[in-house]
Amino acid sequence: MRCAALAMVALLAFGWSPAPCAALGAEDLIYGYECNKGLCRKVELSEENFASAISLPVCRLFCGSDIGTLWPKPTGVVQLEPLMRQVDVASIEFQLPGTKDKLWESTELRWLDLLEAKIPNRKILKQGGYKLNIIVNTADNGAPMRLQLDTDESYALSIGSNSAGQVTANITAGNFFGARHGLETLSQLIVYDDIRREVQVVANASIADAPFYKWRGLLLDTSRNYYSVKAIKRTLDGMAMVKLNTFHWHITDSHSFPLEVSKRPELSKLGAYTPSKVYTHIDIEDIVEYGRVRGIRVMPEFDSPAHVGEGWQHKNMTACFNAQPWNKYCVEPPCGQLDPTVDDMYNVLEDIFSDMFKLHNPDVFHMGGDEVSVACWNSSANIRNWMLERGWNLKEADFMRLWGHYQKEALSRVDRVANGTHTPIILWTSTLTNEPYIDQYLNPNRYIIQIWTTGKDKVIQKILKRGYRVIVSNYDALYFDCGGAGWVTDGNNWCSPYIGWQKVYGNNLAKIGGDYQHHVLGAEAAIWSEQIDEYTLDNRFWPRASALAERLWTNPTEGWRQAEARLLLHRERLVENGIGAEALQPQWCLQNENECPIDAYAL
């Protein structure tokens with residue numbers, strides 16, 4: 001097919017004008033798409049069908065769906081008119097609320113980077129098109145703020161075009177965080193048309209949107225294996241693309257202490273794997289601000305009183321550190337727990353907490369509380385004698401009393417560095433969150449409980465009915481390190497098998513919460529890093545974390561089938577933005593919609 005002939009038959013279709021021969025690259029262009037019975041069908045281009053053929057991203061925006069390819073699916077009304085306008089990428093103008101500060105400037109630059117990532121080759125990009133005006137209005141007039149549990153993240157987006165060659169996108173929100181989500185949605189309504197070699201935007205649209213759950217997070221453990229700042233930022237980039245809002249930073253553990261503590265430099269000096277594998281204050285400030293620009297709180301966790309060890313040498317403040325055989329005292333090597341009976345240990349904690357609060361300014365703080373071993377504490381003569389001197393016994397209830405003592409003293413140090421603001425505290429489910437200890441030691445007005453057991457664990461209802469707010473991280477659906485070889489034994493790792501995105505998508509928090517689902521703040525997927533590092537990070541999180549994002553933002557009533565085709569295209573967006581997301585299917589399935597599901601035509 002000759003270029004001249006193509007240009008002659010490229011009549012107006014979906015609002016497009018014919019493309020010049022140089023832009024078409026007809027010698028390379030073989031396939032286009034047609035919308036047929038609500039599905040995008042791949043067709044060979046010819047003189048007869050060229051005028052009606054459209055690119056896959058454009059076809060999928062309008063064919064058979066009222067939400068296009070948006071991810072996560074909006075919760076409000078979506079109206080997309082099947083009309084596209086070419087965008088003059090050199091004529092994009094932002095009107096941002098208030099005085100443009102660093103936060104808004106960084107947000108604008110990031111949005112332009114998202115746009116640039118859509119263009120595979122600037123040299124063949126067709127020039128010209130409509131001027132794009134992006135107008136952002138917030139009720140707080142763009143005032144800087146931090147994300148909190150009561151932050152309104154809703155937004156409204158409207159797009160219109162006129163005969164004067166302008167497309168205007170209006171975003172209205174209560175604050176920066178809602179407006180940022182609106183910009184993210186706008187970026188998904190802009191595509192690169194590889195037939196006409198131009199950037200195009202939906203000409204007329206309106207969307208109202210708000211998240212279903214307040215807490216939408218990912219946990220990354222940076223102690224078992226170290227992750228560079230670059231790798232962490234890449235994770236934050238992916239989170240922003242799907243409107244996840246919490247990066248739970250499990251920064252230390254018994255394996256390493258990679259955190260710089262200003263008053264206690266020996267912790268990272270002795271505890272980091274190497275001097276270069278330390279998160280400095282400059283690193284942390286950089287990551288926290290990078291997250292804020294992307295609508296993400298970076299919440300630190302200092303896991304204690306268990307899961308401590310490396311870095312605490314020479315302090316005489318721990319029990320059973322690196323004790324052998326380790327399986328008598330902890331779940332994996334090296335063992336280690338703080339000794340709650342050492343008064344000076346709380347001064348060290350205060351110095352750690354102080355730096356964390358200064359660097360993160362957290363609205364919620366995680367104090368760990370995971371996998372405390374009674375056997376570990378009981379192996380310490382110092383701890384046993386301290387308990388017996390006070391008339392305690394050495395039963396489980398007595399060691400829970402010891403833990404309650406630790407929690408009270410450690411919490412007082414948190415409150416001191418937080419200037420008495422009574423920051424909400426998260427703890428993992430554990431023996432302390434079981435009856436009767438939860439009633440004795442944990443105030444439901446202060447503590448949020450993070451669930452890591454199975455989604456069907458009966459203890460969840462017992463916690464909820466007491467009025468505790470919960471965050472769900474049930475390991476049978478949300479531990480993304482599951483599936484792989486064992487590392488302390490043969491066979492597979494403890495929580496195998498691998499968890500598919502479909503199970504993540506179907507992990508219904510309303511069912512887990514039952515009659516108390518109003519106490520469920522949301523959920524987090526977790527990567528514990530015994531067998532993962534920054535070279536395998538992306539394909540463990542993505543695109544499964546995107547499935548979690550739609551579950552938390554939308555709380556869809558439909559199953560994963562309706563999301564599969566959109567997820568395949570969304571995965572391509574992740575990849576084009578430098579995120580090494582795992583492939584879900586052969587690319588043939590992406591290009592031949594609905595041909596791969598085994599029961600697609602039985603639905």
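Which helix or strand gives the largest share of the lining of the largest pocket? That is H20, with four residues; helices (H or I, at least four residues) and strands (E, at least two) are DSSP runs numbered from the N terminus.

A word on the ground rules. The model is predicted, so to speak only of what it can carry, local features need pLDDT of at least 70 and side-chain atom pairs pLDDT 80 or more, while totals for chains, interfaces and linings use all residues. Residues are numbered from 1 along each chain as its sequence is written, and side-chain values use heavy atoms, with hydrogens and water left out.

**Pockets**

A pocket here is an open set of points on a 1 Å grid over the protein atoms alone, where a 1.4 Å probe fits and protein lies on both sides within 12 Å along at least five of seven lines; lining residues have an atom within 4 Å of a point. Volume is the space filled by probe spheres set on the points, which are joined across faces, edges and corners. Ala, Val, Leu, Ile, Met, Phe, Trp, Tyr, Cys and Pro count as nonpolar, Asp, Glu, Lys and Arg as charged, and the others, Gly among them, as polar.

| Pocket | Volume | Lining by class |
|---|---|---|
| Largest | about 730 Å³ | 15 nonpolar, six polar, seven charged |

Leu-56, Pro-57, Tyr-192, Asp-194 and Leu-569 lie nearest the centre of the largest pocket, out of 28 lining residues.

**Sheets**

S8 also turns up in an open, mixed sheet of eight strands, ordered S3-S10-S6-S7-S5-S4-S9-S8; strands pair if DSSP finds at least two bridges between them. S3 (78–80) and S8 are the edges, each with a single partner, so one side of each has no neighbour in the sheet. Inside it, S4 (84–95) and S9 (198–202) run antiparallel over three bridges, with Arg-85 opposite Val-201.

The other piece is a closed barrel of eight strands with parallel pairing, S11-S12-S13-S16-S17-S18-S19-S20. S11 (215–221) pairs with S12 (246–250) over five bridges, and Leu-219 stands opposite His-248. Helix H19 (544–554) lies across S11 and S20 (520–527), at about 150 degrees to S11. Contact means heavy atoms within 4.5 Å, and angles run from 0 to 180 degrees between N-to-C directions of axes fitted to C-alpha atoms, for helices over the stretch in contact.
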